[in-house]
Amino acid sequence: MGLDMDPMFLAWSYFRRRKFQSCAALCTKLLESNPYDQETETKIIVTEAAWSLKTRALTEMVYVDEIDVDQEGIAEMMLDDSAIAQIARPGTSLKLSGISQGGGPSPAVRPMSQSGRPITGFVRPGTQSGRPGTMEQAIKTPRTAYTARPVTSASGRFVRLGTASMLTSPDGPFINLSRLNLTKYAGKPNLAKALFEYIFHHENDVKTALDLAALATEHSQFKDWWWKVQIGKCYYRLGLYREAEKQFKSAFKQQEMVDTVLYLAKVYIRLDQPLTALSLFKQGLDRFPGEVTLLTGIARIHDEMNNIVSATEYYKDVLKQDNTNVEAIACIGSNHFYSDQPEIALRFYRRLLQMGVYNCQLFNNLGLCCFYAQQYDMTLSSFQRALSLAVNDEEVADVWYNLGHVAVGIGDMNLAYQCFKLALANNNDHAEAYNNLAVLEMRKGHHEQARGFLQTAAALAPHMYEPHYNFAALSDKVGDLQSSYIAAQKSAAAFPEHVDTQQLIKQLQQHFAML
Amino acid sequence: MAAERIIQRSDVRKSQLRKVPELPILERRNWLIHLHYIRKDYETCKAIIKEQLQETQGMCEYAVYVQALIFRLEGKIQESLELFQSCAILNPQNVDNLKQVARSLFLLGKHKAAIEVYSEAAKLNEKDWEISHNLGVCFMHLKNFEKAKEHLNYALQTSRHDLTFMVLGKLHLLEGTTQNAIETYKKAVEFSPENAELLTTLGLLYLQLGMYQKAFEHLGNALTYNPNNYKAILAAGSMMQTHSDFDVALSKYRIAAHAVPESPPLWNNIGMCFFGKKKYVAAISCLKRANYLAPFDWKILYNLGLVHLTMQQYASAFHFLSAAINIQPRMGELYMLLAVTLTNLADPDNAKRAYEQAVSLEQLNPLVNLNYSILLYNQGDKKGALHQYQEMEKKVNKLKASSNVLEFDPELVDMAQKIGAALQVGENLVWTKPAKDSKLRERPAPSSKSTTNQQPLGSNKALGQAMSSAAGYSKTMQLPTGGYPTRVQKPPSLPLEPESSTDSAART
């Protein structure tokens, strides 16, 4: 049978071509035909190779780059006090919100995700938009308000990942971790590394992984930077940030790698020391001039600290190095859109389109940019495309909401009303749509209905100043000054520099102090 | 040691001698409460009130009264109402208590109940301006203007106050009698000439009536007393704009932009300043910012349409003008501009319809008929053109008769003469200035289309309209027509831009 290839070679070839499913299946067959306790030397080597290859294939199926996995659950946000300074000086901490340093657009122009954090152009899993103040508040607010995905109590997604991967193999887990003799594997570096990755990424058993890594690094006499980084990763997962920092630092001394810099910066960000992270990134840039990930990291920190101007500068540096960087293009594009330059934003988003990005959000943004840049021929078709590409109800709602804005722009109030209603039908918690519906009702003179909508909007999104202000103005008009005052104060808390709110409060206080 | 002890003992004896028997007087510490209250030391004040109320088991009227006042300052009107009510029970003969109960009711928006209580209070004290004033305000909220006026006038007779004047002026404006309002404000300014708000309002009223000299005087006075008065700055700037003094107006607006960086009227006026200086791109970007902040404002849309017409970007012009018409359907000039746009977009049928609408809505402006006439002429409909031309002449004659406007825009006159000659009605021209022969010859040439188009656009007349609309904007904005400020329609929350999702998000 000349057609039959050597199965080991074929499996290896599958692995290189990233056909992990076929590779794993072939390895399983190989292992079944050659039980592990064989006597001959060559057979043992073959089985070991197959075993190792299968671990690697299984790991690669679920592999997520650890640098991008940065998820804080409610518990980490609330109950964890890693930051040293409780009341840091403005500009030195990521936890202070509401202080715009770079002169970015105000909430009157750019919508807010939480008070003081303008929405970004690009959502990463690690994106945190402000933090809840108390546990109660964290539980009450919508689950996606602080991170890019629903918040869980203690980073529970890691647990879920593990179970999910177990489901894919019907005959139970490949390796029974509790029966492994870690010391034996730690002695064989070529097996140990693959096994560690399997334990860490596939099984998500950080403790066992840490045990293995500790034994292995001992075996290599602390001369392998890779093991140090892995130990640091384990410590980071376990929440031991200072220990993780030590490992990463020592690894960086041994061998300068971009990865290590990124891990170290992650630790510093978790410890709420953005300035240390920035100087670290700058050091890294000295070693690796023009490294895109480092530049992006700097830009992200500036963005988190609300210093949009310097964030944009660094994103521009990123684009000079890599002109297809989706994150940089999206961030600069949204920044241009909100600083009265929709034409330039349109160019950035069209660049994304040319690169083959094809999703609902992009077409939605394209539609908005086209409309505000007065390219009327492409506006509605973009929105249509966005509607057809939307994968969930929230996205549909957002597209309808934006279509409502277009309808307001052409002065067709009935269409706008229908659009906002549709946005609500698709996403019942769409506070902006409630607010805009209330404004439309107010124009028609239906005060009671408007009040109802505004109250709903204010309850759904307490960080938005618009519903509060509108409610205050409406109550002031009908003469209910108490409600007006309460709402105006909330509006002032959400957006302190709002001139109309300030005037309203001043006027109300005059009323209260009179006579 | 011994000496010290003796001194101590004598001290004790002295203090025993000095001690006055403490009487449980209810109002014992009113002076202290009052002192803290007027120093705005509310925390201490509250503590003392609490002590005092505990001592007297809640019978101390003044403590309850001040507590209620503090609650009201904190915006807790409901609590303050309850406390004032208990005050009124403690001392039903006191007018102040009744007045405060009514005031709290008023602040809660219960105007009818407030009127009842005020009437009660009025029975106890006839000569109180506050009661009459507040009754007037309450009636104004209930839209009972006659009674409101009566009460306010009575309040003025008893004692004159700025506030009463202001409410009365507002009332006149609500009724639509600007002349009366001006009289009221005039009296008020005589009474207190240093009140910047009164001066500003009066200036704006004069501006509305076109009495620029007086308006300027008053606004200038207002600015002297309060140089950062945003309303006055805006009004003064728009007046300078009307007289084409764009640089000065811009320097005025620069001051205002610091105070209110996100005000749609301000950006509208700045945009029209740039338009006047022929900086069209800057004008568009300013106007678009204004429009972004206030999407429901038809004046900004009108100006945007006008600027785009000037830039010969007819598609955008059509968009903005039609949006403006949707929001403000009763305005002839809008339809006229829309018709001009439609002519340029090669849709003469709809243009004709728009002109029909414009002619039916617009009673005074001869420009509408002139433009319509030109369109009809270009279409070959000489009869219709002649009819429109005569309509225009009628309007011009009427305007001349009313002698408000003596000077017509030269470009308008010029074009009218041309078309008049083309229609062979040149002999009975309303303007005495004879038309030149060369122009007569040029007129019916087929190339006239471009001149026709540019006529209403580039003309100073159109610009003048834009200016006046810009000025008018600030007027309507600042002269509240409702009982309370009309700017309820805040810009709705801004276009929410959902973040583009990421590769990494997709991968996880």
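Reply: The model is predicted. B:D96 has a relative accessibility of 36%, so it is classed as partly exposed. Between the C-alpha atoms of B:D96 and B:K394 there are 64 Å, with 298 residues separating the two along the chain.

Now the helix pair. In chain B, helix 19 covers residues 314–327 and helix 20 covers residues 332–344; their axes come within 9 Å and cross at roughly 150°. Angles over 145 degrees count as roughly antiparallel, and helix 19 of chain B and helix 20 of chain B are therefore roughly antiparallel to each other. The crossing of helix 19 of chain B past helix 20 of chain B is left-handed. On the side of helix 19 of chain B, the contact is formed by B:Y314, B:A317, B:F318, B:L321, B:S322, B:A324 and B:I325. Helix 20 of chain B contributes B:L334, B:Y335, B:L337, B:L338, B:T341, B:L342 and B:N344. By class, the residues of this contact comprise 11 nonpolar, three polar and no charged.

A:H498 sits in the loop that links helix 25 (481–494) to helix 26 (499–513) of chain A. With a relative accessible area of 6%, A:H498 is buried, since buried means under 20%. The side chain of A:H498 makes a polar contact of 2.5 Å with the side chain of A:T501.

Note on methods: Residues are numbered from 1 along each chain as its sequence is written. Chains are lettered from A and ligands numbered from 1 in the order in which they are written. This is a predicted model: local features need pLDDT of at least 70, side-chain atom pairs count only at pLDDT 80 or more; totals for chains, interfaces and linings use all residues. Side-chain values use heavy atoms; hydrogens and water are left out. Helices (H or I, at least four residues) and strands (E, at least two) are DSSP runs, numbered from the N terminus. Buried means under 20% relative accessible area, exposed over 50%, partly exposed in between (1.4 Å probe, protein chains only). A polar contact is a pair of N or O atoms within 3.5 Å; within protein, one must be able to donate a hydrogen and the other to accept it, and residues adjacent in sequence count only if both atoms are side-chain atoms. Axes are lines fitted to C-alpha atoms, for helices over the stretch in contact, and angles run from 0 to 180 degrees between N-to-C directions. Angles under 35 degrees count as roughly parallel, over 145 as roughly antiparallel, 65 to 115 as roughly perpendicular and the rest as oblique. A crossing is left-handed if the near helix is turned anticlockwise from the far one by less than a right angle, and right-handed if clockwise. Contact means heavy atoms within 4.5 Å. Ala, Val, Leu, Ile, Met, Phe, Trp, Tyr, Cys and Pro count as nonpolar, Asp, Glu, Lys and Arg as charged, and the others, Gly among them, as polar.
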